[in-house]
Amino acid sequence: MKISSAIKAVAAIIGTTFAGVALSESAAAQAGTGAGPTACQARLSPDRAVFTPLGELAGPAGCGGPDVVHLERIILADRTEVAVEPPATLRCEMAESIVFFVRQDLAPAAAAMGSPLRAIENYDSYDCRGRNRIEGAKLSEHGLAGALDIRSVRLKDGRVVRPADSGAPREFRVAMKAAACNRFTTVLGPGSDGYHENHIHLDLAERHNNYRICQWNVWDSLPQVAPLLPAERPEDAPPREEAKDGVKSDAKTR
Ligand SMILES: [Zn+2]
């Protein structure tokens, strides 16, 4: 066994023990039960995920949520693990949906690309802010620890696949979109509102009449028509938007 593998194995044992079996007294108290993991936590640990319970999170301006966890790794059925990089701060119910999404949908879709899934990139999780980072806007699901933005997935062979990238394998993007829209009530990606061109937003917001939002155009990798852009930017063109106000077009949102 290589040293790195040994360290990983030990870390996995420690992580699992801490997260699932031996909740510290303070963590259990914070979680509101006083007697161990919540029902949601018990469904995830020790076999499905490695996480740290954070208890109730009370942020400013209505931010926060009950039974929040720091989700570090998802354990697949074959006992291999998928890292959440960096770990995501989510309400346990949202973490649970992510865990099942990765185990049942994302891992098989990734494996179909020829290499097992090893990590998902957390582009944003708990974040006390308005929607699309607009001040005064309705509180984002991120503010309620109920949303996760995924920018990429990493495979065992080192490949990094960005689902919002039109150059990524189309079958993977189609499978990820179908599964996400089946599992989450809000899915926003490229083509949705201009704020999700480089990542996929997932949340479980409840709406009137169970209305769901599934907005993600899986663009073809090759443009259907020749681009109409001029070969060179004219000298007298006004400054680009992003240079003018300093807001990057790929700003994290919703
Ligand atoms: Zn988001």
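**Around strand β5**

Me: How many bridges join strand β4 to β5?
Reply: This is a predicted model, where local features need pLDDT of at least 70, side-chain atom pairs count only at pLDDT 80 or more, and totals for chains, interfaces and linings use all residues. Residues are numbered from 1 along each chain as its sequence is written, and side-chain values use heavy atoms, without hydrogens or water. Strands here are DSSP runs of E with at least two residues, helices are runs of H or I with at least four, and both are numbered from the N terminus; two strands pair if DSSP finds at least two bridges between them. β4 (residues 117-124) and β5 run antiparallel, and the number of bridges joining them is five.

Me: Which residue of β5 is the bridge partner of D124?
Reply: Look along β5, which spans residues 147-155. There, D124 has as its bridge partner D149.

Me: Which residue in β8 stands opposite A147?
Reply: β5 also runs antiparallel to β8 (residues 200-203), with four bridges between them. Opposite A147 you'll find D203.

Me: In the hairpin of β5 and β6, which residue takes a positive phi?
Reply: β6 (residues 160-161) is joined to β5 by two bridges, again antiparallel, and V153 has V161 as its partner there. Four residues sit between the strands of this hairpin, and the one with a positive phi, near 95°, is G158.

Me: How many of the nine residues in β5 are buried?
Reply: Buried means under 20% relative accessible area, exposed over 50%, and partly exposed in between, using a 1.4 Å probe and protein chains only. β5 is mostly covered, and its buried count is eight.

Me: Why does H142 count as buried?
Reply: H142 is in the loop between β4 and β5. Its C-alpha atom is 8.9 Å from that of G64, 78 residues apart along the chain. H142 counts as buried because its relative accessibility is 0%.

Me: How many residues line the second largest pocket?
Reply: A pocket is an open set of points on a 1 Å grid over the protein atoms alone, where a 1.4 Å probe fits and protein lies on both sides within 12 Å along at least five of seven lines; lining residues have an atom within 4 Å of a point. R131, K138, E141, A205 and E206 lie nearest the centre of this one. The number of lining residues is 14.
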